[in-house]
Amino acid sequence: MDRLISLLPELWSATFETLYVVSLALVFGGIAGLLLGLALYATRPGSLFPHRAVFGVLNVIVNFFRPIPFVILLAAVQPIARSVGIPGIGPEFGIFAITLASMFAISRIVEQNLLTVRPGIIEAARAAGASRSRILFRLIPREALGPLILGYTFIVVALVDMTAIAGAVAAGGLGEFAIVYGFKQFNPVVTWAAVLIIIVIVQGVQFIGNALARRVLRR
């Protein structure tokens with residue numbers, strides 16, 4: 001316990017790094033994943049902008065990257081990160097790798113949630129004179145907002161997990177703190193301190209996401 005008290009500054013710094021990495025990865029990966037998911041939904045056969053070739057290429061790309069285990073992806077994208085001026089370790093690398101991993105998962109979640117919108121709603125909007133672009137970017141996301149919030153909540157929890165895994169390659173955050181000061185120094189108290197903070201973060205995110213989704217679905 002004395003060791004944990006002496007490490008409190010490092011623990012709070014690692015907590016901030018985790019929140020920093022998760023927040024930026026959510027912004028970059030969330031936007032990229034949303035656009036990719038909209039493209040998958042719009043270009044699939046029978047949708048608003050059906051295009052078999054474009055859908056096929058996007059579908060193959062997503063299916064290629066999404067199953068790659070994150071710890072392997074970390075090693076695979078290090079040369080790419082260095083080639084664009086990003087260090088192969090540290091929070092910046094964590095943001096880069098987690099953004100790449102999350103955007104493909106988010107795109108599939110977005111696509112699946114948009115598919116829950118009833119065709120009758122789209123047909124009614126078309127009959128009322130709404131353009132396909134207006135339906136795609138305004139009507140459908142609004143109709144699927146509740147499931148999308150739940151989907152993004154799941155992704156945020158997954159991002160927290162990814163930051164912990166990224167700590168294995170010195171990407172900062174609570175994962176690196178638990179490995180360096182807990183596991184490698186045989187100090188389970190320090191390790192469990194990091195674990196408990198991660199649990200608190202995850203529970204807080206899940207609570208907020210569920211509350212927002214319930215509020216939207218009641219409308």
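Leaving aside neighbours within four places in sequence, R108 is in contact with L40, N59, V62, N63 and R66, where contact means heavy atoms within 4.5 Å. This is a predicted model, in which local features need pLDDT of at least 70 and side-chain atom pairs count only at pLDDT 80 or more, while totals for chains, interfaces and linings use all residues. Residues are numbered from 1 along each chain as its sequence is written, and side-chain values use heavy atoms, with hydrogens and water left out.

**R108 and its helix**
- R108 has its place in helix α5, which covers residues 91–114; helices (H or I, at least four residues) are DSSP runs, numbered from the N terminus.
- With a relative accessible area of 9%, R108 is buried; buried means under 20% relative accessible area, exposed over 50%, and partly exposed in between, using a 1.4 Å probe and protein chains only.

**Aromatic pairs around F65 and F104**
- A search of the whole structure finds four aromatic pairs; rings of Phe, Tyr and Trp (its six-membered ring) pair if their centres lie within 6.5 Å, and planes under 30 degrees apart count as stacked, over 60 as edge-to-face and the rest as tilted.
- In one of these pairs, the rings of F65 and F104 have centres 4.8 Å apart and planes at 5°, so the pair is stacked.
- F65 is partly exposed, at a relative accessible area of 34%, whereas F104 is buried, at 9%.
- One aromatic cluster is formed by F64, F65 and F104.

**F177 and Y181 in helix α9**
- The rings of F177 and Y181 have their centres 5.2 Å apart and their planes at 45°, so this pair is tilted.
- F177 and Y181 are four residues apart in helix α9 (residues 173–183), and therefore they are separated by about one helical turn.
- F177 counts as buried at 3% relative accessibility, while Y181 is partly exposed, with a relative accessible area of 23%.
- Not counting residues up to four places away in sequence, Y181 touches R3, L7, E10, N187 and V190.
- From Y181 to P141 the separation is 40 residues in sequence and 44 Å in space, C-alpha to C-alpha.

**The annotated span**
- UniProt, in an unreviewed entry, lists residues 15–207 as "domain: ABC transmembrane type-1"; the positions are given in the numbering used here, feature names are shortened, and annotations may be inferred rather than shown by experiment.
- The end C-alpha atoms of residues 15–207 lie 19 Å apart, and the span is 80% helix and 0% strand, a strand (E) being a DSSP run of at least two residues.
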